[in-house]
Amino acid sequence: MILDTRISRTFKHLKASGKKGFIAYITAGDPTLQATIEVVHRLEEVGVDIIELGIPFSDPLADGRVNQEAAERALQAGATFSGVLDAIATIRKTSEIPILFFSYLNPLFARDFRKSVRQSATAGVDGCLLLDLPIEESAPYVQELQQANLDNVTLVTPTTPDKRIGEIVRTASGFVYCVSRTGVTGMQDKTEKGAEELLRHTRKLTDLPVALGFGISTPGQAAAAAGYADAVVVGSAIVQKFHTMPQTSKGRREAAAWVGNMVKAVKEV
Amino acid sequence: MSSKIKIPDAHGHFGPYGGMFVPETLMTPLNELTEEYERAKRDPAFRKELAYYLNEYVGRPTPLYYAARMSEALGTAKIYLKREDLCHTGAHKINNCIGQALLARRMKKNRLIAETGAGQHGVATATVAAMFGMECTVYMGKVDMERQALNVFRMERLGATVAPVTAGQQTLKEAISEAMRDWVTNVRSTHYILGSVLGSHPYPMMVRDFQSVIGREARKQCLKKEGRLPDRLIACVGGGSNAMGLFYAFVDDRDVEMIGVEAGGRGIRGGEHAARFAGGRLGVLQGTKTYVLQDKDGQIQLTHSVSAGLDYAAIGPEHALLRDLKRATYAHVSDKEAVKAVNALCAWEGILPALESAHAVAYVMKQAKTWKKDDIVIINLSGRGDKDVMQIAEWERQQKAGN
């Protein structure tokens with residue numbers, strides 16, 4: 001399924017220009033929603049193609065330590081769902097960068113899923129990646145996403161059998177996200193060997209772009225992944241970088257420049 | 001309900017509840033687990049082995065004990081205690097652990113992981129791991145490790161690694177998340193023994209089935225002793241495994257009333273209790289759709305109970321269905337009433353119940369006056385209270401100090 005969203009348009013442009021995409025994950029509201037608005041702009045300036053924006057959740061069971069702590073910081077600072085939507089609406093005044101929600105089901109479900117996704121679309125969100133919504137459960141939710149013209153980005157993992165990959169990609173739009181390893185989000189030294197094979201296999205089963213993520217944290221790893229993926233997702237490493245730099249505009253500029261090095265490595269592939 | 005055999009459906013739905021809300025990495029292992037469990041259930045060799053360990057190792061059947069002095073003191077109803085506290089390791093939890101460890105062995109997985117709140121499920125998992133010669137890691141919130149130090153010591157003696165969980169509220173919920181993260185990472189070598197009727201399919205079904213021996217025995221024992229079925233079953237409900245274990249064999253016996261007792265804590269106010277049916281609403285937590293204590297944004301709320309084993313924000317999905325169908329009802333009692341029940345049962349029967357099980361006892365103490373003299377009531381005495389003595393002493397000290 002192909003919806004006309006900022007995500008699908010971005011991949012169309014990337015394909016036309018022969019470039020690979022760079023997707024940056026950050027947690028909304030870490031350390032504040034005001035900072036998130038600024039970080040998105042800085043990331044766009046250094047060439048990030050798509051923002052994957054985490055909705056902070058109290059019980060993020062698919063996330064490693066770095067993203068768990070980011071969510072805790074965001075919630076402690078008072079990030080709410082409507083606050084996140086307001087921040088996105090503010091971003092949209094000056095930016096057309098695609099924004100993909102990365103979320104657990106409950107924060108959307110608790111407020112009424114239909115209402116949540118429609119408000120998200122209105123604020124300027126382009127799609128959702130729902131971590132704990134496998135195909136066995138996803139049908140009614142995917143329908144709501146489609147009706148709101150939001151992409152449904154789905155995950156395939158090293159434990160997903162071939163037949164199941166085929167079933168998963170049929171429910172996807174925007175792009176398909178290959179998880180490079182069996183595990184939670186977080187940094188690691190090397191990308192697992194099976195990742196390339198998983199990605200190549202997935203590509204055979206779908207016309208959608210295929211991105212690779214989980215555990216990528218250096219320009220070298222990013223470039224290697226971009227060698228075979230249409231886009232590379234970097235998450236925890238970016239969250240960690242912004243967290244450890246001074247919480248000032250200068251600090252955020254420096255962190256973004258660091259991300260820019262990874263973007264550059266991907267763009268040179 | 002037409003027949004309990006059809007519940008849940010193939011993907012673990014108990015009506016609108018349950019299901020499989022987990023990361024994709026876990027879907028294939030969960031589907032494999034479901035298939036292996038279905039095969040094992042039909043395999044006479046597996047059933048024989050399970051029965052062997054339940055009888056010879058756990059010490060089943062457990063007695064259905066007539067609590068004569070308690071019955072006399074309350075002056076109404078004949079009260080029986082299903083003595084799960086007499087199971088090896090001191091609680092019903094081991095019924096499920098034996099079953100799941102045997103399954104893990106069939107799947108050639110030699111490492112067991114578990115979460116624990118009160119520590120009873122952790123001790124039971126560490127115990128079966130030792131007995132079957134398997135590796136074992138138990139995740140436990142740091143706060144729970146402090147209030148259940150005795151069980152931490154036991155698990156370590158049994159050769160398990162007890163991994164402290166320092167995220168969030170540092171109790172059962174965070175321990176489950178951490179165990180699931182371990183499982184996501186080590187899924188090829190590891191089996192996760194979830195300890196309650198919670199989480200993704202097949203756990204709510206499988207744990208219920210392994211615990212249903214409680215109700216099958218109780219039903220038979222009651223028929224033998226009294227020549228009829230009981231009028232009422234009472235069990236405490238955290239996730240709800242001991243309650244489902246007792247209730248399940250009676251689901252089709254429409255005249256048998258079933259009552260689950262949740263933790264009322266310090267009162268039904270946000271963060272002060274764990275009574276999901278009193279303060280919760282529909283949500284999705286840790287793999288299952290059910291009643292969850294949460295704020296309007298779907299953030300999971302803090303919970304409180306004097307008993308670590310009931311201190312959890314969600315309730316097993318089958319309980320939510322039984323409640324919708326009006327087949328079971330749910331009540332809650334306070335910390336104070338539960339502690340009072342511990343002392344009362346000690347005095348009446350010389351039995352020290354776990355703080356969790358004391359919630360069921362407390363409910364009976366409150367409600368008995370509304371029952372008829374010849375009513376037969378079965379309380380599931382799901383665990384013994386040795387682990388709680390320091391906790392109770394501290395609680396009583398705080399009460400005296402006026403907190």
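Q: How much space lies in the largest cavity?
A: About 340 Å³ of space lies in the largest cavity. A cavity here is a set of points on a 1 Å grid over the protein atoms alone where a 1.4 Å probe fits but cannot get out, and lining residues have an atom within 4 Å of a point. Grid points are joined across faces, edges and corners, and the volume is the space filled by probe spheres set on them.

Q: Before we go on, what kind of model is this?
A: This is a predicted model, in which local features need pLDDT of at least 70 and side-chain atom pairs count only at pLDDT 80 or more, while totals for chains, interfaces and linings use all residues. Residues are numbered from 1 along each chain as its sequence is written, chains are lettered from A and ligands numbered from 1 in the order in which they are written, and side-chain values use heavy atoms, with hydrogens and water left out.

Q: Back to cavities, then: how many are there of 30 Å³ or more?
A: The count comes to nine cavities of 30 Å³ or more.

Q: And which residues are closest to the centre of the largest cavity?
A: The largest cavity is lined by 33 residues, and H92(B), K93(B), G309(B), L310(B) and E356(B) are the closest to its centre. Two or more lining residues come from each of strand 5 (111-116), helix 5 (120-132), helix 8 (172-186), helix 11 (241-247) and helix 15 (355-367) of chain B; these elements are DSSP runs numbered from the N terminus, with helices being H or I of at least four residues and strands E of at least two.

Q: What classes of residue make up that lining?
A: The lining of the largest cavity has eleven nonpolar, 17 polar and five charged residues, where Ala, Val, Leu, Ile, Met, Phe, Trp, Tyr, Cys and Pro count as nonpolar, Asp, Glu, Lys and Arg as charged, and the others, Gly among them, as polar.

Q: Where is the largest pocket, and how is it lined?
A: L50(B), D209(B), S212(B), V213(B) and R216(B) lie nearest its centre, among 24 lining residues, and the space in this pocket is about 720 Å³. A pocket is an open set with protein on both sides within 12 Å along at least five of seven lines. Helix 1 (24-42), helix 2 (44-58), helix 9 (203-211) and helix 10 (213-226) of chain B each give two or more residues to the lining, which by class has eleven nonpolar, three polar and ten charged residues.

Q: How do helix 1 and helix 2 of chain B pack?
A: Their axes, which are lines fitted to C-alpha atoms over the stretch in contact, are 5 Å apart at an angle of about 80°. Helix 1 and helix 2 of chain B are therefore roughly perpendicular to each other, since angles from 65 to 115 degrees count that way, under 35 as roughly parallel, over 145 as roughly antiparallel and the rest as oblique. A40(B), K41(B) and R42(B) of helix 1 meet P44(B), F46(B) and R47(B) of helix 2, with contact taken as heavy atoms within 4.5 Å.

Q: Switching to chain A, are helix 11 and helix 12 roughly parallel or antiparallel?
A: They are roughly antiparallel, as the axes of helix 11 (residues 236-244) and helix 12 of chain A cross at roughly 155° and come within 9 Å. Their contact has eight nonpolar, no polar and two charged residues.

Q: What about helix 10 and helix 12 of chain A?
A: Those two are roughly parallel to each other: the axes of helix 10 (residues 219-226) and helix 12 (residues 249-267) of chain A cross at roughly 30° and come within 8 Å.

Q: One last topic: which peptide bond near P61(B) is cis?
A: The bond from R60(B) to P61(B) is cis, with omega near -5°, and P61(B) sits in the loop between helix 2 and strand 3 (64-66) of chain B. Another cis bond joins H201(B) and P202(B), with omega about 10°, and P202(B) is in the loop between strand 8 (190-192) and helix 9 of chain B.

Conventions: Axes are lines fitted to C-alpha atoms, for helices over the stretch in contact, and angles run from 0 to 180 degrees between N-to-C directions.
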